[in-house]
Number of protein chains: 4
Amino acid sequence: MTSGGDCPGLNAVIRGVVLKGIKSHDHEFVGFLDGWRGVVDGDIIELPRQRVRGISKQGGTILGTSRTNPYDGPNGGPENIAATLDRLDVDALIAIGGEGTLAGARELTDAGLPIVGVPKTIDNDLDATDYSFGFDTAVQIATEAIDRLRTTGESHHRCMIAEVMGRHVGWIALHAGMASGAHAILIPEQKVSTAQVAEWVREAHDRGRAPLVVVAEGWVPEGDAEPWAERGTDASGRPRLGGIGEHLAPEIEALTGIETRAATLGHIQRGGVPSAYDRVLATRLGMAAVDAVSDKRWGTMVSLHGTDVVVVPFEEALGNLKTVPQHRYDEAAVLFG
Amino acid sequence: MTSGGDCPGLNAVIRGVVLKGIKSHDHEFVGFLDGWRGVVDGDIIELPRQRVRGISKQGGTILGTSRTNPYDGPNGGPENIAATLDRLDVDALIAIGGEGTLAGARELTDAGLPIVGVPKTIDNDLDATDYSFGFDTAVQIATEAIDRLRTTGESHHRCMIAEVMGRHVGWIALHAGMASGAHAILIPEQKVSTAQVAEWVREAHDRGRAPLVVVAEGWVPEGDAEPWAERGTDASGRPRLGGIGEHLAPEIEALTGIETRAATLGHIQRGGVPSAYDRVLATRLGMAAVDAVSDKRWGTMVSLHGTDVVVVPFEEALGNLKTVPQHRYDEAAVLFG
Amino acid sequence: MTSGGDCPGLNAVIRGVVLKGIKSHDHEFVGFLDGWRGVVDGDIIELPRQRVRGISKQGGTILGTSRTNPYDGPNGGPENIAATLDRLDVDALIAIGGEGTLAGARELTDAGLPIVGVPKTIDNDLDATDYSFGFDTAVQIATEAIDRLRTTGESHHRCMIAEVMGRHVGWIALHAGMASGAHAILIPEQKVSTAQVAEWVREAHDRGRAPLVVVAEGWVPEGDAEPWAERGTDASGRPRLGGIGEHLAPEIEALTGIETRAATLGHIQRGGVPSAYDRVLATRLGMAAVDAVSDKRWGTMVSLHGTDVVVVPFEEALGNLKTVPQHRYDEAAVLFG
Amino acid sequence: MTSGGDCPGLNAVIRGVVLKGIKSHDHEFVGFLDGWRGVVDGDIIELPRQRVRGISKQGGTILGTSRTNPYDGPNGGPENIAATLDRLDVDALIAIGGEGTLAGARELTDAGLPIVGVPKTIDNDLDATDYSFGFDTAVQIATEAIDRLRTTGESHHRCMIAEVMGRHVGWIALHAGMASGAHAILIPEQKVSTAQVAEWVREAHDRGRAPLVVVAEGWVPEGDAEPWAERGTDASGRPRLGGIGEHLAPEIEALTGIETRAATLGHIQRGGVPSAYDRVLATRLGMAAVDAVSDKRWGTMVSLHGTDVVVVPFEEALGNLKTVPQHRYDEAAVLFG
């Protein structure tokens with residue numbers, strides 16, 4: 001079962017699970033459709049070997065996904081789900097998802113259901129795993145896009161602002177910003193004033209550079225209360241369009257006098273062909289998950305520690321967002337201005 | 001001199017001009033900086049052979065660009081420019097730019113200045129050339145981005161709207177939409193009602209597809225008066241953020257009940273490494289331009305006809321935007337819905 | 001039916017044929033498997049609309065391909081094939097293939113069979129069409145690979161030789177060489193001595209460049225009789241490995257004293273995701289082919305003239321390879337050395 | 001100083017060193033040209049801040065590289081080099097290179113020279129670092145190329161063999177093979193008979209797949225004595241062309257009756273734009289190296305442990321190649337056949 005926002009590598013996990021399960025453990029597999037929705041409704045498809053062939057390089061998930069939770073509706077909750085699994089002759093569930101999915105899985109496991117988790121977060125915000133699949137692809141796509149923006153900035157002597165994903169943590173911004181040589185990286189973990197951003201922009205401009213700012217969608221300028229992405233409606237009652245990047249651009253232009261343009265990278269960061277890194281990681285996680293099932297290690301999830309794939313209890317992964325630590329920000333900040 | 005918005009291939013033109021000019025005609029070259037601004041101000045850099053090495057794969061322009069025009073300021077106008085060229089010992093000017101630049105070049109040529117033009121339009125909206133460099137790269141980038149969006153749409157059973165460049169013509173939307181298998185392509189040349197778009201979306205959804213709409217930024221829904229991009233400020237007096245795609249998404253969602261998301265591809269379409277197609281075309285145009293200079297064919301521009309690079313008078317290229325003809329739209333529309 | 005070597009865009013042709021045929025002409029479609037083999041054997045699959053969804057971005061061909069010819073075996077030849085088509089209730093055949101395929105199609109058409117052709121040649125060697133799909137993708141892949149080779153050449157002050165496809169014509173080498181800034185482009189159409197190549201390499205090296213040579217696999221050094229690719233076995237009776245690039249590298253190194261390495265790009269040039277250009281072209285050709293079928297224009301093929309897709313008799317396309325003309329070689333040769 | 005084979009990320013290391021050194025430590029920098037050659041000859045260029053701008057996305061190394069060693073020639077050896085550093089007013093040397101370079105650096109450090117190392121190995125064969133920059137890019141390039149080969153294999157029902165880098169270790173083959181879904185991965189660490197490879201190929205073919213074999217250049221079939229790459233000359237005394245992939249293809253075809261083609265990816269794997277992953281890693285390593293210099297930690301190198309960059313003595317990194325461990329091979333081998 002795949003749940004939550006889509007993420008490059010989901011299909012490689014599914015393929016890893018199925019191939020390893022068939023070849024090493026003689027398991028059979030079905031896939032629940034559209035996340036917890038399919039679990040609650042008992043909506044499944046067969047997953048024989050030929051169904052997963054060639055899918056590790058496909059973005060998205062062949063099982064579909066949704067943001068529903070396992071307690072929704074008359075058929076939700078642990079007892080109903082246990083009955084549904086029983087009726088479908090399903091002995092264990094591999095839940096591939098983020099914080100919310102794994103929290104749901106934990107509650108169900110506590111209630112006795114046989115579940116193993118696979119961490120999925122494109123934002124890289126889950127504790128207890130060094131990296132999660134999808135993150136590398138997102139950083140790579142963002143970096144390639146920002147490389148493109150730079151040539152426009154340089155030709156027009158403009159400041160370019162690239163808004164990348166990251167509602168609550170700044171990992172994508174940090175890595176894409178370091179990779180692309182940003183003169184400022186703005187992340188939710190660090191309050192910075194617009195005046196300070198303008199100062200970095202001015203410094204880069206004064207050295208003859210076209211200033212580049214990489215901003216996470218969840219960044220909040222010092223003095224502001226809430227992320228731009230959650231600002232609701234505009235004065236005319238319409239949903240507010242644009243993101244923090246588009247909002248920031250005219251402010252930087254006003255403060256510096258330097259022509260400034262924003263680009264919001266948006267959904268292109270989460271779709272499409274996964275990077276080789278993510279395919280390998282996702283395949284390994286899927287294979288380890290099915291091993292954990294064979295060992296009946298319910299209530300655990302697989303994770304990456306260094307170069308090893310290990311098994312950790314759900315509780316280690318949940319509760320705390322993995323934010324960008326101060327020393328990683330400081331490391332990048334040497335390059336600002 | 002490169003003028004107007006930046007475009008992948010500008011550096012390949014410059015390289016083609018310089019290498020061909022040096023090797024075949026024994027010319028020497030300088031580059032005017034930042035478009036007409038540099039011409040008016042007499043602001044130049046030397047362009048020896050080593051200055052153009054390896055640049056054909058660089059996006060943007062090593063000469064910088066701007067949107068100023070040759071009549072600006074006290075040093076503008078044909079007489080002043082003629083004096084400046086004379087002072088700098090410049091015998092001819094190659095002007096690389098779009099409609100506005102070439103219109104300026106034409107007036108100056110009519111006033112006696114020795115100018116040859118190279119057409120530059122990422123939107124492919126210049127008459128008298130089959131294709132202009134930069135267009136192929138923009139279509140390729142847009143298509144790759146849309147390929148990525150599709151996997152998200154399919155995983156979430158969503159309608160995805162991709163907004164691409166094209167203020168006045170829909171060539172990028174037409175080609176990227178055909179290449180990516182769009183269920184609707186919305187271009188400035190064709191008024192279509194939002195209800196019709198919703199109908200196409202519903203049809204695709206009913207066949208089990210995640211509907212894909214590709215919309216040019218300058219498209220205007222039937223009944224509306226002006227492009228979204230020119231709507232000015234919102235009700236609170238702030239510049240209106242977001243583009244037609246973001247505006248259209250909630251309308252389609254309201255009409256169809258299908259979750260709909262928009263992505264604005266924006267500036268990434270015009271920057272970065274040019275496609276091989278554009279590098280070859282740009283190199284050939286640059287080489288032909290310097291031949292036209294040697295032949296003193298002032299008042300002409302180079303252009304692509306079929307597989308040949310030819311020379312045409314400015315007046316053939318100017319006056320009419322090259323819009324998407326009805327038969328090309330009809331061809332693509334077979335794929336809608 | 002798709003026949004001959006695979007080529008990016010084949011699936012986009014198939015999709016264009018099927019969607020246009022269903023929507024505009026109410027046709028039904030089957031696909032013959034593995035080129036003429038499937039036609040002779042009457043081996044087909046159904047091609048309903050859902051079978052072609054999403055395939056325009058897939059490389060290769062969903063129908064499979066082979067190099068067999070329509071006269072092979074006891075069921076070959078026009079009369080047998082006519083009987084097979086009749087038995088399968090097939091009213092017309094769209095043959096997608098190169099010189100050999102179309103020559104076969106022509107003979108069958110002369111014998112009364114209802115066939116329309118679609119030109120397919122990754123080498124761009126078919127007369128009567130400006131470009132064929134697949135060529136743009138091959139040039140793009142080759143160019144990106146050569147861009148990568150250059151950084152190695154520059155870091156090590158080496159000469160790099162890139163061998164690209166092109167047994168009989170040099171179009172891929174010409175375009176990839178111009179796009180990547182080659183100091184020598186070696187094509188089958190032009191006999192050049194190894195000493196001349198060494199001279200160009202030395203010139204580039206003397207200017208401080210890492211020399212880059214792009215050579216088509218079918219190039220023959222002046223004085224040699226036959227292409228390297230057809231040299232048969234080595235002195236020990238084993239099939240000769242490596243291509244002209246690997247053969248040329250030690251000779252250039254010996255002549256110039258400059259360390260020289262070769263890379264053979266090989267099959268990567270013909271597989272994988274087609275470029276947007278090729279997807280659009282292939283879709284348009286497919287749609288035009290099914291229109292030609294509706295008009296019963298047997299014995300013709302669709303082709304690109306400028307920006308238009310037109311219909312031409314087979315005989316215009318056959319008989320002469322479309323070689324690189326002298327003026328295109330001379331244009332590129334300005335950049336040599 | 002950069003030494004040994006080029007590798008994507010070298011320039012990002014240089015940039016990280018220079019920017020961090022200037023901003024945090026107020027250092028000044030020169031670059032030694034062409035590896036140890038420049039150190040021995042005292043051949044330097046200035047490396048002010050503007051020299052490293054924008055280089056983190058450039059492949060290769062702006063300093064040039066070579067395979068010479070620090071004991072070569074009359075000016076080699078620790079005493080001469082110490083005198084040269086002194087004369088040039090160089091207080092410390094950052095040596096970026098692989099096993100050989102670091103072994104040389106260790107000897108010089110033991111003789112009293114102030115050196116800090118940065119591990120560089122595209123093959124990922126250095127102990128004491130989880131990953132080295134360049135490896136991720138190489139795997140990504142190889143994977144994309146293999147994705148392309150697959151469509152050709154599938155269209156023609158062929159077995160495709162992709163030969164990737166890896167003379168002594170199989171990391172690139174392992175990761176690219178897992179990422180691309182190979183039916184066999186052949187690495188130097190594991191002796192496997194050609195008959196076993198043929199068996200895997202046959203199994204995949206029997207399931208309707210186009211078999212894919214990924215082979216490291218240094219793989220030796222069971223029973224053979226030496227890697228193909230070191231086979232010297234052929235029976236006619238010419239250097240043996242082609243690699244193990246080209247050699248293996250006819251053998252697999254003979255054993256299985258399945259048409260088989262090989263592609264040697266070669267130098268394209270080591271050049272060009274580094275992946276975002278490698279740019280971040282390389283930048284971090286460069287920054288940590290200059291910190292180690294400030295701390296006078298001579299005789300150490302920087303390395304990646306988990307998500308942290310740490311400092312380890314040279315001796316930890318040297319002596320043992322980091323080979324693919326048995327459990328990683330077994331993990332991948334589940335997918336074979």
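How many salt bridges does the count between chain D and chain A give? The count is 4 salt bridges, a salt bridge being a side-chain nitrogen of Lys or Arg within 4 Å of a carboxyl oxygen of Asp or Glu.

The structure is a predicted model, in which local features need pLDDT of at least 70, side-chain atom pairs count only at pLDDT 80 or more, and totals for chains, interfaces and linings use all residues. Residues are numbered from 1 along each chain as its sequence is written, chains are lettered from A and ligands numbered from 1 in the order in which they are written, and side-chain values use heavy atoms, with hydrogens and water left out.

The interface of chain D and chain A is described first. Chain D and chain A each contribute 44 residues to the contact, where contact means heavy atoms within 4.5 Å. The size of an interface is often given as the accessible area lost when the parts come together. Between chain D and chain A, about 3,800 Å² is buried, and carbon and sulfur atoms give 53% of this area; buried area is the accessible area (1.4 Å probe) that two parts lose on being put together, summed over both. On the side of chain D, Arg53(D), Arg284(D) and Val334(D) supply 14% of the area buried against chain A, more than any other three residues.

One salt bridge joins the side chains of Asp147(A) and Arg279(D), at 2.8 Å from N to O. At least two residues each of the side of chain D that touches chain A are supplied by α1, α5 (135–156), α6 (171–180), α9 (276–294) and α11 (326–333) of chain D. The largest share of that side, 7 residues, comes from α9(D). Helices (H or I, at least four residues) and strands (E, at least two) are DSSP runs, numbered from the N terminus.

The arrangement of the copies was examined by superposition, carried out by least squares on the C-alpha atoms of residues with pLDDT of at least 70 in both copies. Chain D is superposed on chain A by a rotation of 180° with 0.0 Å of shift along its axis (RMSD 0.0 Å). The C-alpha of chain D nearest the axis belongs to Gly306(D), 1.9 Å from it. Of the contact residues of chain D, 100% recur in chain A, and the same surface serves both copies.

For chain B and chain C, a rotation of 180° with 0.0 Å of shift along its axis likewise gives the superposition (RMSD 0.0 Å). That is the relation of a two-fold axis. Gly306(B) comes closest to the rotation axis among the residues of chain B, at 1.9 Å (C-alpha). Because 100% of the interface residues of chain B are also interface residues in chain C, the copies meet through the same surface.

Within chain A, the domain assignment gives domain 1 (10–134 + 272–317) and domain 2 (138–269), the bounds coming from an automatic or database domain assignment. The centres of domain 1 and domain 2 of chain A, taken over C-alpha atoms, are separated by 34 Å. Their contact takes 6 residues from domain 1 and 9 residues from domain 2 of chain A. About 570 Å² is buried between these domains, 60% of it given by carbon and sulfur atoms. In domain 1, Ile122(A), Asp123(A) and Asn124(A) lose the most area to domain 2, together 64% of what that side buries.

Individual residues complete the description. Asp6(D) lies in the segment before α1 (10–25) of chain D and is buried, with a relative accessible area of 0%. Buried means under 20% relative accessible area, exposed over 50%, and partly exposed in between (1.4 Å probe, protein chains only). Not counting residues up to four places away in sequence, Asp6(D) touches residues of chain C and chain D, among them Thr151(C), Ser155(C), Thr65(D) and Arg270(D). Ala128(A), in the loop between β4 (115–119) and α5 (135–156) of chain A, has a phi near 75°, a positive value in a residue other than glycine. At 17% relative accessibility, Ala128(A) counts as buried.
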